[in-house]
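Please open the model in a viewer and keep the selection tool at hand. The stops below may be followed in order.

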Amino acid sequence: MGSDVNDEWEQLYAEADAAISASEGTPDPGGFRAGTVTLPREGGGHPMPNAKTVDLLGPLKRTFGYGTFRPLQQEIMRDSLAGRDVFALLPTGGGKSLCFQLPALVRPGLTIVISPLIALMKDQVDALKANGVEAACLNSTLDGDERRSAWRNLHRGRTRLLYVAPERLFAGNLVEEIARWDLSAVAVDEAHCISEWGHDFRPEYRQLSDLRGRFPGVPFMALTATATERVRRDILQQLHLQDPAIYVASFNRPNLTYRIEPKAQAATQILNFLKSRPQDPGIIYCASRAGAEALAAKLVAARIEAAPYHAGLDSDVRARNQERFLRDEVRVMCATVAFGMGINKPNVRFVIHHDLPKNLEGYYQETGRAGRDGLPADCLLLFSAGDVAKQTNFIEEKPDPKEQQIAREQLRQMVHYAEGGECRRTTLLGYFGEAFPAIGCGACDNCLAPRSTYNGTLDAQKFLSCVFRVRQKSGIGFGMNHVVAVLTGADTEDVRRRGHQQLSTFGIGSDHSRNEWGAIGRELIRLGLLRQDPGQYPTLSLTPDGMAALKERRVITLTKPRETPRPKATTRAGEIECDDLLFEKLRRLRKRLADEQGVPPYIVFGDVTLRTMAREYPVTESELLAVPGIGETKLRVYGDAFLDEIRAHVKANPKRAF
């Protein structure tokens, strides 16, 4: 992994959002917005006095094709329309984007969306245009005609949503131009990027506090899919949100199944996984650029459509690979952490972590890229003690002691999650301060196939005794590796120099490997019998409970590590049963129409929409309009083609009952 991983985001951001010169577009003279119905407040903004009663369901159905809101969406929108600052933490797939898109359609003025990546901007702008919404983005991918068209529409008041990266926002005179465009709201997407405690910290986001100062009367909305309590507080402070309405939805993604397998022969494990899902698209995260390229080559050799993605690739190659994935021409992306933030491909059916993530927050967001459409998806992590050692070495290379401290604690939590025997969902939600209400989720490996336990009293006694003896001998504590070295009788210079080969615990653990003893030690920490002190050299010591367990020879139950891959989950929450033959026909039609328009297939319709068609067999316009995801614009553009396909299928095949 090394420094290339640490620089992944920085290199992409610098390349993708390099400042565009002020001469890119020439504003139309006198192009002030006309026809606004509400006078702006000082500093901008359009509070709507009837925000609590304004019709939102009508435009929701007409424009986006949905008849109901997801949890908290409507409350967030109404607070924003009333002119209030809002902080919204919604899980990936929870409908964050709609929270600022729909209000932009019912309030006068322009909504600016601060977005971190070009891919995210393009994706959302394409989707909005497909629904008949006037939206634009300003970034380095636009050619001269596109830039001039965007500037004209902005100055003429036609644009409802403008997407821009923070770097571009403060380049040239863009902020001055915004003051002329009747700014009514600002949405900061991926708001965790503003916090140094967030997993994707971007210093450029810190400048957004200046924007708040320039437009004090404009309501701000900060949105994120992942943030601990500490990061949430930092977001509120850094953006200077004023008496914000705060909404925190559940972090639970019930349609995702979480599994962890011991990493043995990773390429073979991944090939077996992919062969069991021959049609499913997905993402495989690798720790290094070389690893991503090597894995992609192996998959291609095995006749699986795959491509690499990382910041070291030529930008054109990287963009082409991403576009092929979005258009269902590549089934698997082998990528570093640089890939995925804001990628709105809703039918990602799996996410595999080839290597151990650095922290639970990043892991949660990366797994969250699966199943955004609400249909079942699988999340697999391949875990090895060697990956823990690699991450530890990278942490020790960090020059800043504070960064080291944060990284060590994050890694400890990640390892706890990977090695623990409790429900994965319970552990994951607990990290974000949320209690899972049930005992077992039924959708993770530890619930579907619980790990065996054993009477580990003797092993625990050996480990606890060794921690006690080395501290007693030398008067100071020692770290995990040293204790394991003594237990396994390792003839190392450090052991001899300390005289620890003379201890009664020296070599008493030869029945287990070093990795096995490391796992036992970490479980004793989780059980509260050992404490691992923070710092550059974290040392072990017995807790009062651990000392009591040692003296009283208390029975201690430990968890056996998994030695073989778990069986595939048999229950897939959220599956939509449908006519599979018709679904495949509709998928091919969707791909053809998308290719003709030069957009990803999901811009036409998502899998949920197609599966509902293949279940309900709509044959009239009114029946088709009742399908989720079909609004008036898409009915007009695509309705006839899909109705013809369904009618032809029904004529040739009997309807199935569900």
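Which residues form one aromatic cluster? Select F251, Y364, Y431 and F432, which make up that cluster. The model is a predicted one, in which local features need pLDDT of at least 70 and side-chain atom pairs count only at pLDDT 80 or more, while totals for chains, interfaces and linings use all residues. Residues are numbered from 1 along each chain as its sequence is written, and side-chain values use heavy atoms, with hydrogens and water left out.

**Helix 18**

Next, select residues 424-431, which are helix 18; helices (H or I, at least four residues) and strands (E, at least two) are DSSP runs, numbered from the N terminus. Of its 8 residues, 6 are buried, so helix 18 is largely enclosed by the rest of the structure. Buried means under 20% relative accessible area, exposed over 50%, and partly exposed in between (1.4 Å probe, protein chains only). The buried residues are R424, R425, T427, L428, L429 and Y431. They pack against strand 8 (256-262), helix 15 (360-367), helix 17 (401-419) and helix 19 (445-448); contact means heavy atoms within 4.5 Å. After helix 18 comes G433, with a positive phi near 80°.

**The largest nonpolar core**

Now display the largest nonpolar core, which has 110 residues. Such a core is a set of buried Ala, Val, Leu, Ile, Met, Phe, Trp, Tyr and Cys residues joined through side-chain atoms within 4.5 Å. The members that touch the most others are I114, L161, Y163, L169 and V188. Helix 17 gives the most to this core, with 7 residues. Centre the view on I114: neighbours within four places in sequence aside, its contacts are V164, P166, L169, V186, A187, V188, D189, Y205 and L208. A second, separate core of 28 residues can be found by selecting A460, V495, I525 and L558, which are among its members.

**Aromatic pairs**

How many aromatic pairs does the structure hold? There are 11 aromatic pairs. Rings of Phe, Tyr and Trp (its six-membered ring) pair if their centres lie within 6.5 Å; planes under 30 degrees apart count as stacked, over 60 as edge-to-face and the rest as tilted. Select F100 and Y163, an edge-to-face pair with 6.5 Å centre to centre and 65° between the planes. This pair links distant parts of the chain, since F100 lies in helix 5 (residues 98-106) and Y163 in strand 4 (residues 161-164), 63 residues apart. F100 and Y163 are both buried.

Then select F605 and Y638, whose ring centres are 5.7 Å apart and whose planes are at 65°, so this pair is edge-to-face. F605 sits in the loop between helix 26 (601-604) and helix 27 (607-616), and Y638 in helix 29 (residues 632-652). F605 is buried, at 2% relative accessible area, and Y638 is buried as well, at 3%.

**Helix 27**

Move to helix 27, where 7 of the 10 residues are buried, so the helix is largely enclosed by the rest of the structure. Those residues are D607, T609, L610, R611, T612, M613 and A614. Their cover includes helix 25 (580-597), helix 28 (621-625) and helix 29. Finish at R611, which lies over the face of F583, 4.3 Å from the ring centre. A charge sits over a ring if NZ of Lys or CZ of Arg is within 6 Å of the ring centre and within 35 degrees of the ring normal.
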